[in-house]
Amino acid sequence: MAPAVDAALQLGPGPVSNSVNYVWILVVCFLIFFMQPGFALLESGQVRAKNVGNVLMKNMTDWTLGVLVFFLVGAGVSALVAQLTSGAAFDLTGAFAYMSAPGESGTGWIDWFFGAVFAMTAATIVSGAVAERMDYRAYVFVAAAMTAVIYPVVTGLTWGGGLLAGGDTPGYLADVIGVGYLDFAGATVVHMVGGVAGLVGAKMVGARTGRFDANGDSQPIPGHSMLLAVLGTLFLAFGWYGFNVGTQATVLTSEGVFMGGALGRVVLNTTLGMGAGGVAAMLVSSAWQGKPDPLWAANGLLAGLVAVTGAVPHVTWWGGLLLGALAGALVLPTYRWVVDSLKIDDVCGVFAVHGSAGAIGTILIPVLAADSGGVAILGDPWTFLGVDQLIMQVAGVAVIALWTVLATAVAFKIADVLFGLRVSTEEEEIGLDESEHGVSTYPEFVAGGSREGPTVSADGGEVRTDGGFASDTNDTSSELHSDGGVADDAAVDASAAVDGGETDE
């Protein structure tokens with residue numbers, strides 16, 4: 001027998017399990033990275049064709065700039081916040097120890113990468129809320145702030161062992177209440193942070209031109225491709241298995257026991273949550289608008305995933321189903337409240353999908369909690385995850401939301417002073433692809449760039465049969481439109497919005 005094989009057979013279960021677990025972590029990190037193209041497709045489909053390139057640029061910036069900033073600054077900030085809010089000794093060198101080479105068998109850089117893919121997810125959510133009118137330079141600054149400070153502070157308060165943490169290193173608030181904050185894979189730590197930051201950003205940047213009329217009533221601005229939006233949704237759902245199931249990082253215990261039960265509960269609740277969210281949103285959109293809407297079903301699917309993300313190991317199967325259904329049912333009413341009552345132009349509905357769904361799902365964990373055998377605790381709120389846990393969940397959501405609102409407002413204000421938050425009216429009309437980047441994602445369909453000849457507009461404009469120039473008679477009665485219709489003297493009905501599928505009255 002070869003010496004290497006013989007040595008491997010003599011290893012105990014500890015080294016083997018450690019190796020298996022870290023290979024598993026790497027695999028799920030790659031899955032989570034696949035959420036980046038999902039976000040790019042989802043957001044691209046919900047904006048007009050003239051702004052697709054700008055959305056893609058922002059998503060690539062979130063990853064490329066974000067991983068650098070998170071390595072150089074963000075991960076260390078998270079560790080420092082954990083120290084300062086848990087009573088631990090201040091250790092600047094220790095906070096940035098992940099930068100040092102971990103050795104051949106060390107896992108420090110793998111641990112950093114696991115944190116990085118979560119950080120990029122939180123950062124990229126913001127771009128969907130501020131699409132089609134935010135200055136690219138200002139966005140770059142905000143993306144850097146998200147990965148350097150805003151998100152890392154939250155992980156330091158929670159998963160890093162700070163203010164809200166439980167377990168062996170409880171933070172100050174956890175000491176007072178008696179239990180630590182529960183958020184397994186980031187329903188609030190990642191998704192609510194991104195959704196709330198997006199809402200604040202959308203408010204500060206202001207609405208797109210034409211989104212509200214003179215009376216303040218919302219007007220639909222159709223996105224250019226529901227196909228891309230739904231494909232992006234399914235890409236995200238695929239990556240979400242890495243997000244949730246991957247957080248169950250222990251696949252094999254040090255004694256060699258396979259954690260099939262824990263993995264099974266997480267994957268089951270993830271799957272049931274997304275399914276229930278999609279169906280509930282479909283039913284609500286049918287009742288609200290008269291017909292089932294595919295984009296609202298997609299948003300409901302994502303909201304269901306967000307809601308169960310913090311709860312998947314803590315609830316039994318019907319708890320995951322209920323959380324997903326509740327979040328999916330609320331996504332359309334929440335979006336309408338943001339737009340119609342708050343008058344905030346959240347293009348991709350990131351607050352409804354990520355912000356409110358993350359908060360609701362995390363707060364309700366104690367209500368739907370189950371013991372290790374899968375038995376629900378609804379009958380006795382004073383045992384297991386009881387009133388003290390519910391108080392902690394509410395307090396944790398409030399702390400995270402307050403920090404995110406204040407920190408995001410400061411970041412956007414600084415970006416406004418340095419660069420100005422939004423492009424000019426003329427640049428917005430031309431489209432951010434042309435005005436910000438000098439490109440056209442669809443050169444055969446969108447005006448701009450160097451292409452000569454007839455131009456087809458994929459975002460609601462007309463196909464002119466005269467080469468794009470108005471005739472002397474200015475006769476537009478036979479202008480062909482990209483939706484296959486013919487424009488008459490009356491205005492074209494553009495009420496089929498891709499920014500949520502709703503028809504604004």
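Let's start with H3 and H4. The axes of helix H3 (residues 35–45) and helix H4 (residues 52–84) come within 9 Å and cross at roughly 155 degrees. Axes here are lines fitted to C-alpha atoms, for helices over the stretch in contact, and the angles run from 0 to 180 degrees between N-to-C directions. H3 and H4 are therefore roughly antiparallel to each other. On the cut-offs: under 35 degrees is roughly parallel, over 145 roughly antiparallel, 65 to 115 roughly perpendicular, and the rest oblique. The H3 and H4 crossing is right-handed. From H3, the contact uses Gln36, Phe39, Ala40, Glu43 and Ser44. From H4, it uses Val52, Val55, Leu56, Asn59 and Trp63. Contact means heavy atoms within 4.5 Å.

A word on the model. It is predicted, with local features needing pLDDT of at least 70 and side-chain atom pairs counting only at pLDDT 80 or more, while totals for chains, interfaces and linings use all residues. Residues are numbered from 1 along each chain as its sequence is written, and side-chain values use heavy atoms, leaving out hydrogens and water.

Now the overall count. The protein has 17 helices and 2 strands. These are DSSP runs numbered from the N terminus: helices are H or I with at least four residues, strands are E with at least two. Of the 505 residues, 51% are buried. Buried is under 20% relative accessible area, exposed is over 50%, and partly exposed lies in between, with a 1.4 Å probe and protein chains only. Take the contacts with a separation of 6 or more: 76% come from residues 24 or more positions apart.

Back to H3. Here 9 of the 11 residues are buried, so H3 is largely enclosed by the rest of the structure. Among the buried ones are Phe39, Leu42 and Glu43.

Next pair: H12 and H14. Helix H12 (residues 294–309) and helix H14 (residues 350–363) have axes that come within 8 Å and cross at roughly 40 degrees. H12 and H14 are therefore oblique to each other. Their crossing is right-handed. On the H12 side we have Asn299, Leu302, Ala303, Val306 and Ala307. They meet Val353, His354, Ala357, Gly358 and Gly361 in H14.

H14 itself is mostly covered, with 12 of its 14 residues buried. His354, Ala357 and Gly361 are among them. There is a kink of about 30 degrees, centred on Ala357. The bend at a residue is the angle between axes fitted to the seven residues ending there and the seven starting there. What about length? At 1.5 Å a residue, the 14 residues of H14 should span 20 Å, and the end C-alpha atoms are 19 Å apart, which agrees. The expected span is 1.5 Å times one less than the number of residues.

H10 has a kink too. It is about 30 degrees and centred on Gly239. Gly239 is buried, and so is Trp240. The 20 residues of H10 (residues 226–245) should span 28 Å at 1.5 Å a residue; the end C-alpha atoms are 29 Å apart, which agrees.

Phe33 and Trp240 are 207 residues apart in sequence and 9.9 Å apart in space, C-alpha to C-alpha. Phe33 sits in helix H2 (residues 13–33). Its relative accessible area is 36%, partly exposed. Leu268 and Pro313 are 45 residues apart along the chain, with C-alpha atoms separated by 9.8 Å. Leu268 belongs to helix H11 (residues 260–289). Leu268 is partly exposed, at 39%.

How values were computed
A crossing is left-handed if the near helix is turned anticlockwise from the far one by less than a right angle, and right-handed if clockwise.
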